[in-house]
Each structure stands twice: as structure tokens, then as C-alpha cells.
Amino acid sequence: MKNLLTIPFSGYARYGILLLNLMAVFTLSSCSSSSDSSTPFSPVNSLEGKVIVLGAQEDVSGNLDIYVHGTDLAGAVLTVADLKTATVKVGDSSYTNDHANLTIAEVAETTDNFLSLSIVIDWSNSTNGELALVSGIFTQMLDNLPLVYEAQVITFSDEHEVKLAWSEDPVAIKAAAAAAHSDRNMTALYDTMQVALNGDIDTEGLVGKCRPAHVQVVFTDGLDNLSSIDPATIETAVNNDRTVSIMLGTSDADTAVLHTLAGDHGAVVQVVDPTSLGDEVEQWVASLKNIVKINVGSAIYSTNDTVSITMGSQTISVFPNSRTPCPAVL
């Protein structure tokens, strides 16, 4: 082994260059690892550990109806019994289920046709191999919903196809959610969501429905490369309508864009491995069996009151929609 004092100057130069190269490689590797953790395609699940207000609407008598379900902060499904322990704050006053002017009841025990559900499914080229998994998720979701909802189903690639216009038939809804799109090309995600929300000459949009809760569930795994509008247009539409927009994204979906499309009242689930999507939404899907209706009587509520719900350590603000209630069924 050579003593350092015996190494010629040129040797020092070579050692110095090697050291600098190794430091550069280390620095680049470190930067790459750091940026990967904040990439727009990073996994995220904002459905987990969340109480969700599906909708809130004043009835014709001035009472406020609020529809709620979800999971606790640990991700466990909130039971009906759990949800009945919620505290509802109206203005500066708080009320619980034992108050004469506040009731919390399981939706399955009511006759409320409370939910309009829009299902939007991406059939573009990039979803190849993932749609069988998504079909199973939609089937479980629909099986868990109380039989008091209506739904539309729209698929898309270059163009959208209405597989089912608004229907209350659960068998027809499930079949439509599993139906194949006619082609597989590029992705017009934003344009399709616009039709699903606001409708067009042939389609009645979700925004026009009178039921208290508007929910849109969208599966997509690719960036939009064909639409004529931008994500901000969709964000405005879902926020104005108080739509709960659940964005299910895999692989190449840009998380930042999905959050924009979800708006203020929705949630995003983004996974890198499509086979894990079912696991990520399992608890949310299960919680749909336990939707409750909170009725806040007009004796303790008026239109301009601020309203919030506290469930355990979660407090959720309630934003009633401005839709005219559906006519009473005689």
C-alpha cells in the first residue's frame, strides 16, 4: 500500500475528481428521493379518517336535514350508534340527539329519497387492465347504499356515453356501471365531468336534481389530453352545488388535479398500484351502510345560522345547498 506522501500530484487530481463525482451522484440521488415524496403522482387517501356530510338541505318547513356517514380518525367505520352520539352546533348553541328539536336516525329507517349519485368511469387507453377492479368497487358501493337513491352512469374516452340515464333501479345501475365503453382512445375527463354535472342537450346533469345529497364518484387513471375546459371550471361547479365529488385515481393521475376536481366538499384516493384501490376505499364503502339523517328543527335553526357537527375529535362544518326541495310524494 502506498503512503500518501509517495502519490504523485496527478494521482491526487484523479482522486479529487473521483471524490467530486461520487459527491455529485450522492447529491442527485438525495434530490431525486426528496422530490419523489412530493411528486404530483404520490399516493393519497383523503377519504380515510373522515366524517362526510353527503348533503344538507332545508325542507319546506324550515327544518334542516343533514346526511352523514364516515370513519373515525383511525379509519374504522362509524356505526349508526356512533353517529347518534354526534353534537350539532347551531349558532352558539350545541344540541344532542336527546333534544326535542334534534333527531338522528338511520337513513335505512326512513323513506327519504335523499341521494342523487353520478358515476363517471374512464375507459381511455391507459385504464386497460384496471376496469375489472373498479367494477368490483362500484358493485360493493352500490350494494351498501340504502335503497333510497337515484343514479346515472357515464363512461368516457374521447367522447362520453350515457350508459344509464337517471334511474332508481339498483339492478340496472349495477349493470350500467359494468358496461363497456365503445372505444378506447384519448381522455376527455373534464368535458365529461362537465356533462355529468351540468348536463347537455341530451343529458340531465347532477346539478339539476332536487334531492338533498349530490355525490359524484369518478374513476380515472390518466391526465386529461382532450378537453375544451380546465379543472377550475369543474371545481367551481362542484363547489357551487355542494357536490361531494369522490375522485378515484390510479397510476398516472395527477393528485393536484384530482384535488381541484374534488372541490371543497369531496375527497381523493390516489394509488400507484391499481390492485390496492379496493383496500384503500374498503372502509368508506362499508360506511355507506350506516348513513344517518340529522334533522335540526326550525325551532333551533334558521337559514343564516352557522352549523357544525362534532363526532369524537372531528368537527365538520355544514353548508346547506340552495336547491328547492323535491315535491312531496303523495
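**Notebook: a cavity, a disulfide and a positive phi**

I sorted the lining of the largest cavity by class and found 12 nonpolar residues, 1 polar residue and no charged ones, where Ala, Val, Leu, Ile, Met, Phe, Trp, Tyr, Cys and Pro count as nonpolar, Asp, Glu, Lys and Arg as charged, and the others, Gly among them, as polar. I note that this is a predicted model, in which local features need pLDDT of at least 70 and side-chain atom pairs pLDDT 80 or more, while totals for chains, interfaces and linings use all residues. Residues are numbered from 1 along each chain, and side-chain values use heavy atoms, without hydrogens and water.

I looked up a cavity as a set of points on a 1 Å grid over the protein atoms alone where a 1.4 Å probe fits but cannot get out, with lining residues having an atom within 4 Å of a point. The largest cavity has a volume of about 80 Å³, the volume being the space filled by probe spheres set on the points, which are joined across faces, edges and corners. Of its 13 lining residues, Leu54, Leu145, Val215, Trp284 and Leu288 lie nearest the centre.

I then searched for disulfides, pairs of cysteine sulfur atoms within 2.5 Å, and found 1 in the whole structure. This disulfide joins Cys210 to Cys326, with 1.8 Å from S to S, and the link is right-handed, with 105 degrees about the S-S bond.

Finally, I saw that phi of Arg242 is near 65 degrees, a positive value in a residue other than glycine, whereas most residues other than glycine have a negative phi.

Definitions and conventions:
1 Å grid on protein atoms, 1.4 Å probe; cavity = no way out; pocket = protein on both sides within 12 Å on 5 of 7 lines; lining within 4 Å.
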